[in-house]
Structure formats: structure tokens, C-alpha cells
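Have a look at the chain first, then read on.

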Amino acid sequence: MPESLSTDVLIVGGGVAGLWLNARLRRQGFATLLVDKGTLGGGQSVKSQGIIHGGTKYALSGALTGASEAIADMPRRWREALEGKGELDLSGVRLLSDAHYLWSPGTLAGNLTSFFASKAVRSRVGQVKGDELPPALQHPKFKGKVYRLSELVLDVPSLITRLAELAGDSLLAGRQVEPLLDGNELVGLRVDGREIRAQRIVFSAGGGTAELLASLGLQQPAMQRRPLHMVIVKAPTLKPLYAHCLGGGTKPRITVTSHPAADGEWVWYLGGDLAEVDGVARDEASQIAVAKKELAELVPWIDLSAAHWATLRIDRAEPAQSALARPDNAFLAEQGRLLVGWPTKLALSPDFSDRVEAALARDGIRPGQHPVLPELPRPPLTGPFWEGLLP
């Protein structure tokens, strides 16, 4: 039998939310253990577009919603961390772009005027032209308008690598998780047969959380999945572009991020409305055909004849909402020693940590004394989202 362990906070789920929480708690002197059954960041985290947004796209409907207010402070907090002077030291994490852009094709420019005139949006947005345009849009045939958002785009694998460094010796690869009970009270978990006792247990396993709850005989909090069908395109002719292209609706028509491949080419990752309900209903070939048509309309000057295409399906795991709506904040529920949550967006990982830390403080949970951890099997790091999908 592997020896039993004890810690202050036992975290299950090694995506960005769990790793961020782990690093924050360790910085405050807590003993932690983070368990993951796959690769670190290999679920939703690495499949995200890496946009740390401040909610401007949520204001497209013309009203600043709860979502845009709650998320508005996130770019600042991430920026401070990336500069090495925030709540975590993320200096060295690769920043793909220090801005994200809103781009309206020529046909739509008028729709934006009132949106950008609103006071709430003005503070975060400025129009760009000429050589300030994103490289992919610097072409004589480009006729639209482009606005720069004070948001940023991160290289997610590099973020995961840094958060794993900040985890020190606290990572554990573990496949089977079972409850560890004292009478009827949950006091820890049995991970691959190893008993781990903890003052608090946190489930931050994204789509795996429903299964973890079921293993404890719990149905609440209920989880929903909102699927996406993303498109990936790689070509020698692609240049960097980080932008929401606006359509007529309240969601971006297409959201593009660009990611450097090992061979020096750029990979474009396409989301937005393209990847939502209609895209989810399409098979891979139909979804690629629609993406080709969109890019031919929006950036006709880019030759994609030598491009490689693929699609990637993602489930966004979140607390259940009425009518599969988008949750506006990180979510945390509590049951005795167990805390269960979803950040709901990559950008909201700090908000998720705030909520866990507030619960610990309220319950008087302080760092305890624990034996030094033995050497433990560590989960591997994830590769980029296109690994195995593109040549």
C-alpha cells in the first residue's frame, strides 16, 4: 500500500484554474496537493483561444451585462502577474498579443458607431489604422474598421508550464479517485489506493467534475456542457491576427487567434459564432467548408490553397444555468470540506481562486504542519491543441 499523505488543500483537476489556485495557496504558506488523471492543462485549458478578455464582446448587445462588469478587471490582474508583480509571478509566460481587436468588415462599419460611443466601452477601445492594423489585415483590399481592445492573448502551453513550475512538488498523477470517509464525513480522498487527508478538498476538474461528484454519491452542483466546434487552419501565407470579426448578431461572427507552430508557420484557431450551435451540428467536412467560405469573404487576399484544415470539438463545462445560458462569473459551491467549482472562462481563473480563498478564510482554515511529501508520480504537460490534428 502506498503511504498515506496529509495536506491542507487537496485539489483535483490540473487545468489553469486548479493550477492557479494551487500556486496562490502555496504562496500563502498552505500545503497543497493537486491530482490530475491526464495531462496538465489537457482538457479545456489548452483548447481555449488564450484570450484574457475584459468583457467587451459581451457588451455587443449594447448593454453592459453582469458578465462584462465581473470580468472587466481580469486583464489588469493577468498583466500584473505577467510582469512578475501580481498575485503570481508569471514572468516568462509567452504573450502572443498585448491586444485583441474588434474588426468590422466594410459592410458593417455603421453598426459599431453607437456601440463605441457608449461611455463604458470608450475607456477600453481605440480605433487603429494603417501600420497599426494587425499584420493579416494590412492589405489595400481591406476596407473595414478595426478597434484595439485592452485585452491580451496568451500562449496557453507556456502558461501551463509556468504554473506547473510554481506547483513545486505538489503534483500527483492519479487515475482513480474515491471518497475517504470518517463515519459519514468526507475527510479526504483515496487516490489510486493512497489515502490523502486534507482540511479542504477542491474539485476544479472542468468536464470531469460531474464524474467526480458521482463517485462521492453527489448530484449537486449540477453541470452543463455547452459544445463548440472549432476550426484549425495552418498555412505558410498566414500572418498573426487576434480579433473578433463582427457579424449582425450579438456574438462575434468569427473569432481568430494565431499560434506559432514549431516549423515557423502560423496556425489560425477559429471560434465565435462559426463554432457555436450551427457549427456544432455540422460534421467536420461541412464545418471546414463554411470556414473556407468565411475566410474567402473576409480576407480574400490570403491565399489558402496550400492550407491544412482540421476541426476540434470542445465541451465548455459549467454550472447548470437555465436554458444553457453563459454563466457570468466563476462559480463555487460548498458541502462540508468539499468545494466544487468552475471558473467558466480561462480569464476568470483568478476570480475562482478569490472565491476559494474567501471560503477558507471564513472557515478559519490556516496552514497546518504536514510531513514532507515523498517523491510522487507527476502528470505530464499537455502539448498544443493542434497536436495530432495537423501535419
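This is a predicted model: local features need pLDDT of at least 70, side-chain atom pairs count only at pLDDT 80 or more; totals for chains, interfaces and linings use all residues.

Residues are numbered from 1 along each chain as its sequence is written, and side-chain values use heavy atoms, with hydrogens and water left out.

**Overall make-up**

- The protein's secondary structure comes to 11 helices and 19 strands; these are DSSP runs numbered from the N terminus, with helices being H or I over at least four residues and strands being E over at least two.
- Of its 391 residues, 53% count as buried, where buried means under 20% relative accessible area, exposed means over 50%, and partly exposed lies in between (1.4 Å probe, protein chains only).
- Among contacts with a separation of 6 or more, 73% come from residues 24 or more positions apart, a contact being heavy atoms within 4.5 Å.

**Helix α1 against helix α11**

- Helix α1 (residues 16-27) packs on helix α11 (residues 349-362) at an angle of about 50 degrees, and their axes are 9 Å apart. Axes here are lines fitted to C-alpha atoms, for helices over the stretch in contact, and angles run from 0 to 180 degrees between N-to-C directions.
- That angle makes α1 oblique to α11; under 35 degrees counts as roughly parallel, over 145 as roughly antiparallel, 65 to 115 as roughly perpendicular, and the rest as oblique.
- The crossing of α1 past α11 is right-handed. A crossing is right-handed if the near helix is turned clockwise from the far one by less than a right angle, and left-handed if anticlockwise.
- On the α1 side the contact uses Val16, Ala17, Trp20, Leu21, Arg24 and Leu25, while α11 brings Ser349, Pro350, Phe352, Ser353, Asp354, Val356, Glu357 and Leu360.
- Sorted by class, the residues of this α1 and α11 contact are nine nonpolar, two polar and three charged. Ala, Val, Leu, Ile, Met, Phe, Trp, Tyr, Cys and Pro count as nonpolar, Asp, Glu, Lys and Arg as charged, and the others, Gly among them, as polar.

**Helix α1 against helix α7**

- The axes of α1 and α7 come within 9 Å and cross at roughly 35 degrees, and α1 passes α7 in a left-handed crossing.
- Val16, Leu19, Trp20, Ala23 and Arg26 of α1 meet Leu159, Ile160, Leu163 and Leu166 of α7.
- The contact of α1 with α7 has eight nonpolar residues, no polar ones and one charged.

**Helix α4 against helix α11**

- The axes of α4 and α11 come within 9 Å, crossing at roughly 90 degrees, which makes α4 roughly perpendicular to α11.
- Met74, Arg77 and Trp78 of α4 make this contact with Ser349, Pro350, Asp351 and Asp354 of α11.
- The residues of the α4 and α11 contact divide into three nonpolar, one polar and three charged.

**Salt bridges**

- The structure holds 26 salt bridges, each being a side-chain nitrogen of Lys or Arg within 4 Å of a carboxyl oxygen of Asp or Glu.
- Glutamate 87 pairs with arginine 77, with the closest N and O atoms 3.0 Å apart. Glutamate 87 sits in the loop between α4 (74-82) and β4 (95-97) and arginine 77 in helix α4, so the pair ties together parts 10 residues apart in sequence.
- Glutamate 87 is partly exposed at 21% relative accessibility, whereas arginine 77 is buried at 12%.
- Arginine 162 and glutamate 165 form a salt bridge of 2.9 Å, N to O. Both lie in helix α7 (residues 156-166), three residues apart, about one turn of the helix.
- Arginine 337 bridges to glutamate 185, with the closest N and O atoms 3.2 Å apart. This pair links distant parts of the chain, 152 residues apart: arginine 337 is in the loop between β18 (331-335) and β19 (338-342), and glutamate 185 is in strand β11 (residues 185-191).
- Arginine 337 is partly exposed at 25% relative accessible area, and glutamate 185 is partly exposed at 42%.

**Glutamate 178**

- Glutamate 178 belongs to strand β10 (residues 177-182) and is partly exposed, with a relative accessible area of 31%.
- Leaving aside residues up to four places away in sequence, glutamate 178 touches Leu189 and Arg190.
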